[in-house]
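Please look over the sequence and the structure shown below before reading on. The paragraphs that follow lead from the overall division of the chain to single residues.

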Amino acid sequence: MAMEYRQLTESTVAEYLAGVPELRGRLSSFTDLDVREVGDGNLNYVFIVTNRAAPDETLVVKQAVPFLRIVGESWPLSRRRMDFEIAALKTQSALVPEHVPEVFHASTDMSLVAMRNLRDHRILRGELIAGKRFPLLADHMSTFLARTLFHTSDFAMDPAEKKAAVAASVNTELCKITEDFVFTHPYDDSATNAYNAELPAEAIAGIQRDPELRAAVGEMKFAFMTAAEALVHGDLHTGSIMANSRETFVIDPEFAFYGPMGFDIGALVANFYLAYFAHAWRQPQLGHDPASYRWWLLETAGGLWEGFTAKFLALWRDHDAARGGESFVGRDIDGGKSAEAYRQRFMKTLLADTIGFAACKMMRRIVGIAKVADIATIPDLKARAIVETHALDMARRMVMNRTGFDTIADVAALARSISAPEAGIP
Ligand code: SR1
Ligand code: MG
């Protein structure tokens with residue numbers, strides 16, 4: 001029977017959970033629950049629920065409301081975005097259970113999920129801001145990306161099932177947010193943009209008054225809107241990852257849809273490059289020489305791409321071998337040569353896409369409405385402007401020349417040429 005939607009509050013969460021049969025084994029009592037709303041994202045409400053009598057009995061409830069939380073009820077946004085999150089969590093946890101939090105209960109009527117409380121893990125962005133290292137991060141995230149992107153692509157799926165999956169995942173409203181706030185407004189001096197007062201006018205003009213740059217971004221926007229390559233997370237920044245030294249979890253796939261693979265990979269490498277520029281200021285503040293940590297950030301971005309490539313190709317080759325050599329390009333009539341040549345061409349195009357999408361994600365975080373704390377919380381606005389100018393310079397060159405990079409190491413070399421790892425901003 002359908003349940004009528006109501007927005008939960010700290011005072012009504014316990015009563016709702018008490019009526020959910022599948023949670024009875026998770027919480028032994030619903031009479032003395034500690035419920036705290038902790039959501040600090042842009043869109044939703046998040047409650048941490050703990051049984052005071054048995055603190056190990058704890059879970060997280062995430063609920064979508066019919067408006068954009070950071071703006072308020074004046075900006076309506078369908079709570080149906082939770083339907084996409086629920087569906088994506090299901091698909092992703094089937095493919096990479098070790099990197100997706102376990103869902104205990106999901107309700108499309110109430111637009112909510114109740115899931116594992118990752119209380120031993122922290123949001124990656126905050127940890128990177130604090131200068132922490134995660135040696136397994138590139139390995140874990142390349143596994144997440146390789147498996148989710150390969151297994152939901154036409155390289156792995158039956159063509160009819162893939163088309164049905166694409167049709168079932170048309171996430172119009174959240175894709176429109178990305179189309180506007182990643183691919184349009186940052187480049188047209190929109191009223192929604194927000195600028196650091198110390199950011200030089202020429203740095204902003206460099207991305208808003210250059211027809212070639214705007215045309216290049218237009219190409220990325222068109223790819224985002226039309227290339228239904230695989231089920232992408234759709235908002236894979238470092239705030240969508242929770243980690244500790246042993247484990248990594250990907251959360252918040254409400255922007256999920258069938259889109260270009262490079263959009264997910266690019267989002268993540270963009271966040272490592274933004275952190276790289278920010279740590280020219282942050283490492284000295286933490287009392288460290290900047291080089292070591294900044295090298296680690298570049299190596300993590302590189303390791304992510306390299307690990308992804310190796311794992312994606314391995315899945316692909318195994319898949320084709322299991323089909324007797326029948327591959328995307330047809331029957332094997334040349335000892336696998338054409339299949340492998342196609343794979344290499346695909347990965348080359350995917351690297352260019354990844355670089356182009358990463359660039360757009362970097363630019364929107366500097367001039368668009370939604371910033372990254374790595375940079376936006378630098379209190380010295382002149383120092384922040386130096387970081388922002390470096391990131392914009394890098395992003396400009398990435399998107400305009402995205403097909404000119406042979407390897408991810410070439411992209412890291414560009415970052416180092418703009419701001420050497422050992423260079424700090426006082
Ligand atoms: C209005 S822009 C809101 C942003 O928050 C989400 O995390 C997405 O990145 C989106 O673009
Ligand atoms: Mg989010």
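**From domains to residues**

The protein chain falls into domain 1 (13-116) and domain 2 (122-418), with bounds that come from an automatic or database domain assignment. This is a predicted model, in which local features need pLDDT of at least 70 and side-chain atom pairs count only at pLDDT 80 or more, while totals for chains, interfaces and linings use all residues. Residues are numbered from 1 along each chain as its sequence is written, and chains are lettered from A and ligands numbered from 1 in the order in which they are written.

The centres of domain 1 and domain 2, taken over C-alpha atoms, are separated by 27 Å. To the contact between them, domain 1 gives 18 residues and domain 2 gives 20 residues; two residues are in contact if their C-beta atoms, placed from the backbone, lie within 7 Å. On the side of domain 1 that touches domain 2 there are 11 nonpolar, five polar and two charged residues. In this division Ala, Val, Leu, Ile, Met, Phe, Trp, Tyr, Cys and Pro count as nonpolar, Asp, Glu, Lys and Arg as charged, and the others, Gly among them, as polar.

The next feature is the ligand. Which residues surround ligand 1? They are Asn42, Ile177, Thr178, Phe181, Asp235, Ile369 and Ala370, where a residue is near a molecule if its C-beta atom, placed from the backbone, lies within 6 Å of it. By class, this shell around ligand 1 has four nonpolar, two polar and one charged.

The interior comes next. In soluble globular proteins, nonpolar side chains tend to be buried together. Here the largest nonpolar core has 119 residues, of which Val269, Tyr273, Leu274, Ala301 and Met362 touch the most other members. Such a core is a set of buried Ala, Val, Leu, Ile, Met, Phe, Trp, Tyr and Cys residues joined through C-beta atoms within 7 Å. A residue is buried if 20 or more other C-beta atoms lie within 10 Å of its own, exposed if 12 or fewer, and partly exposed in between, with C-beta atoms placed from the backbone. Helix H9 (residues 261-285) supplies the largest share of this core, 16 residues. Because domain 1 (13-116) and domain 2 (122-418) both give residues to the core, it lies between them. Helices (H or I, at least four residues) and strands (E, at least two) are DSSP runs, numbered from the N terminus. Leaving aside residues up to four places away in sequence, methionine 362 touches Ala270, Tyr273, Leu274, Ala391, Met394 and Ala395.

Helix H14 (residues 408-418) has Ile408, Val411, Ala412 and Ala415 as its buried residues. They cover an arc of only 100° around the axis, which puts them on the same side of H14; the arc is that of the directions from the helix axis to the C-beta atoms. An α-helix has 3.6 residues a turn, so residues three or four places apart point the same way. The buried residues of H14 pack against H9, helix H10 (291-322), helix H11 (337-367) and helix H13 (381-400). Alanine 409 also lies in helix H14, and counts as partly exposed because it has 14 C-beta neighbours inside 10 Å.

Two loop residues call for a look at the backbone. Most residues other than glycine have a negative phi, and most peptide bonds are trans. Serine 111, in the loop between strand S6 (103-107) and strand S7 (112-116), has a positive phi of about 55° although it is not a glycine. Aspartate 252, in the loop between strand S11 (248-250) and strand S12 (257-259), has a positive phi near 65°. Serine 111 counts as buried because it has 23 C-beta neighbours inside 10 Å, and aspartate 252 is buried, with 23 other C-beta atoms within 10 Å.

Proline 97 is found in the loop between helix H2 (81-95) and S6. Is proline 97 buried or exposed? With 10 C-beta neighbours inside 10 Å, proline 97 counts as exposed. Proline 97 and phenylalanine 249 are 152 residues apart in sequence, and their C-alpha atoms are 9.3 Å apart in space. Alanine 160, in helix H5 (residues 159-168), is exposed, with 8 other C-beta atoms within 10 Å. Between the C-alpha atoms of alanine 160 and alanine 130, which are 30 residues apart along the chain, the separation is 47 Å.
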